[in-house]
Amino acid sequence: MRDLAAKALEAATRRGVGYADVRVEEAWERHVSTKNGRPGHVGSYTSEGAGIRVLVDGCWGFAATDDLSTKGIDRAAALAIEIARAGQLARKSDVRLVPEPAHVAVWCSDCRVDPFSIPVEQNLALLLRVDAELRRVRGVTMAEASMAFVRRRQVFVNSEGSRIEQTRTTSGAGYTAYAYRDGGLQKRSYPNSFGGQHQLKGYELIEELNLEGNAGRVAEEAVALLSADPCPEGEFDLILDSSQLGLQIHESIGHPIELDRVLGAEANYAGMSFLTLDQLGRLQYGSEIVNVVCDARVEHGPGLGTFTFDDEGVAAQRTEIIRDGRFVGYMTSRETAAAVGAARSNGTMRAENWARLPLIRMTNVSLLPGRQTLEEVFGGVDHAIYMETNRSWSIDDKRYQFQFGCEIAWEIRNGRRVRMLRDPVYSGISTAFWNRCEAIAGAEHWTLWGVPNCGKGQPEQVMGTGHGASPARFRKIRTGAADAG
Amino acid sequence: MPAESELLPRKRCEEILLAAQTAAFRHGVEDVEVYFHASSESLTRFANNAIHQNVSERSVVASIRAVAGQRTARASTNRLTREGVQAAVDEAVALARASEPLPDLPEMLGPVEAARVERWDEATAHCAPVERARRVAEAVGIAQAAGLTAAGIFATEETVEAILNSRGLAQYHCETMATFSMTAMGADSSGWAKSSATAAGHLNTAQLAERAVRKARLSAKPKRIDPGAYTVILEPSAVLDLVGQMFPDFSLTAIEDQRSFLKDREWDRLFAPEITIYDDAGFPLQSGAPFDGEGLPRRALTLVRSGCVVELPCSRQMALKKGLDPTGHGFPLPNEQGEAPVNIVIAGGKTCLNEMIASTAHGILLTRVWYVRETDPYEKTLTGMTRDGTFLIRDGEIACGVRNLRFNESLIRMLRSVELLSPSVRASGEEAFDMVAPAMKVRDFPFTEVTEY
């Protein structure tokens, strides 16, 4: 791979470019799923290819290929340059990159148990045991369980002398119990919805998740939801579990702080941001107890957004985003950092794979733990609604007005659950919501969640992002039950 | 002679199948299938009136399925050397043997009559970067002349889908697609237009740019209106992105799993009599291969006639289980979903968009919808936002732009409340796959919140 990367870089630089970088990547994936006692999808996927990015006369060009012959690589390099030159027809100003030192490094993420060494029979046996536990509960009408393992090995080289090799292994697993009866359909998932929990770990994650131990409870809750009262409509104090809070962070903080989005790069698809440049350092984004960082470093934890260098060779960093409630930082790249007066990119350029161009993406965007105990979060008010596990998520194209739904809620009185509630939704404006944050539980309740399916870009790219959060309480938030208006 | 792509010619597919068969025989496995997907896609993206991302990507993937008794599994790779194919076969066989048996696993399909549609345009397959850039420059010029900022894409691609197996199945389809989309933005408004076609020459990108500009200008100084139930006119892209959310439920497997909104009412009159929906891979304005994930030719279905569900897709696996005929809507095996329609044609009416507007005393015109998510799976209640061109209609005319609104509406209720349909066109959105759809006038569409812009 190193030779291939060097060859591709040479194919670009000998044609005269202002800058070039190359990512050569090999990837291995395994996906196993079950449904109602039978295997669903059982498959593996291997891929290799090269992506060549060039700057020619101030314009970007990018070409990716899986034809890794000398001719194939040469053709891709020539095409990248041809594409960059064509950009002159609609050009406003030259792309300029802030400096980044050349790095030479090799890194491999921690992986105690290689997931690819685990026989698939073992994967299936565990999923089928979980499935049996779920369907043992009367009233469960469908059970789905899945696991996914991915390893990516990438060599990055650029015309400034960087040569970086990184290998990242991620694992994930989860399940959902569905209950249908008389025109009602409910579901409960563990450890999270839409594919479960995913982290930068090996198979040890699967063992840590205690999948079998939670199946009975999850199945019973799915059935119980069919008879539960709908979530009341009104303004209530709202407590969110850490997984739903992770999604809240992703949608109402993580996306708006993407500086390329702020500058209009995503206007045609993913949208723009309410965080215009004049807000930096001024906007009171949240209450004073709200502190958010964007941290790709290994020290932050084994998140889906953890690495040592981003996909344009910038070292992983920790950036404060919200400090004591004030908005203080964006996610930047070498091209955009100067727009906020930064001398250096804070290293958030990521590409889905070799075939796609790197874009500013969330790394690990996390709410730092607070000081309250869980009892204080739940017991700090007389009456609240507590919601768990995301079911739906929708936000406007400037990331301002949102509506999120969860799988389950409970009415809380004097710190105790008094009744289960179905179809809970809540809505608000991003900044108003975060300014109503009154209590955040401490580090012992903090989990680094993985969102494996964040979409952005044209052509669209899917990226895994990490979000750490502890349960937290928000004052007087509009809630209701999912229903046509 | 049917079209063939240099990206992955038929002969190359046959060579890879032979290599896969040879590798499989060494394991004592006779049944092997290779599903090919090849694409060469180029996309010129612009924002702030300049090209800012300009990319091209080429990949050829072979997905190899091995069958060992009633067990099956799949290994996919883009390493298509003899060694790479061997490794994928080794993996597929190992996974299959390690898997649990599927009692209703159908046998591999034998030779079937080749399904054919012609969706290939040579000029689109070889569209040069400078041609894409020229079209973008023209579109940007239209926005700039109006004092607006443009963002969008112009993309061209060629794709190959093929399925060959050890029993003589040999399906091959190649096609081209061009897509143009533009958002024009003013100080406090925006407008959007998007279209796709199998030939780039059929896309009038200048006209689409002008449409986006017109909407941005018309929606300047947007007024704030109160949430509530309104008569709405949904342009075809908005219809597509809403109605597209229900088609995974049009599946016998989904009904059997009790996760479809059609469960216990599959043959009821669910929608207004004006609603008729087909699934027809051969329809002239459609795209995609004329065969399904197992290589079976796609049969045209009448999903809904005059508001009643009439036919439902059925995979070979479900057909075997239920004693029915398969319809050619299955996904590659093994899978959990079973089947779904993917070539939707919603029958249109005779009322053009301008006539719909003229017929409306008080209502809202929606260009598109955004971030559409299901909140109630059985009532098919969706939430989402309006975006890029939302207008108040008063006394049969567009009165002004309005700030964007959030809706929460049941698709069942929406399709019961349809009053008028326009002729159908090929439409493209961002929340569902392209389909042939009309504009719709719908009464009592509920908006629940307003955003700040």
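**View 1. A:Asn414 counts as exposed, because its relative accessibility is 59%.** Exposed means over 50% relative accessible area, buried means under 20%, and partly exposed lies in between (1.4 Å probe, protein chains only). The structure is a predicted model, in which local features need pLDDT of at least 70, side-chain atom pairs count only at pLDDT 80 or more, and totals for chains, interfaces and linings use all residues. Residues are numbered from 1 along each chain as its sequence is written, chains are lettered from A and ligands numbered from 1 in the order in which they are written, and side-chain values use heavy atoms, with hydrogens and water left out. A:Asn414 is not a glycine, yet its phi is positive, about 50°. The loop that holds A:Asn414 runs between strand E18 (401–413) and strand E19 (416–422) of chain A. Helices (H or I, at least four residues) and strands (E, at least two) are DSSP runs, numbered from the N terminus.

**View 2. B:Lys380 is buried, with a relative accessible area of 3%.** B:Lys380 is a residue other than glycine with a positive phi, near 55°. Its place is in the loop between strand E12 (362–376) and strand E13 (381–394) of chain B.

**View 3. The peptide bond from A:Tyr190 to A:Pro191 is cis.** Omega of this bond is near -10°. A:Pro191 sits in the loop between strand E7 (184–190) and strand E8 (197–199) of chain A.

**View 4. A cis peptide bond links A:Gln458 to A:Pro459.** Here omega is near -5°.

**View 5. Chain B meets chain A through 84 residues of chain B and 82 residues of chain A.** These residues are in contact, that is, they have heavy atoms within 4.5 Å. The area buried between the two chains is about 7200 Å², and carbon and sulfur atoms give 51% of it. Buried area is the accessible area (1.4 Å probe) that two parts lose on being put together, summed over both. On the side of chain B, the residues that lose the most area to chain A are B:Arg79, B:Glu336 and B:Tyr371, together 9% of what that side buries.

**View 6. Chain A has nine helices and 24 strands.** Buried residues make up 66% of its 485 residues. The C-alpha trace of chain A spans about 70 × 55 × 40 Å along its principal axes.
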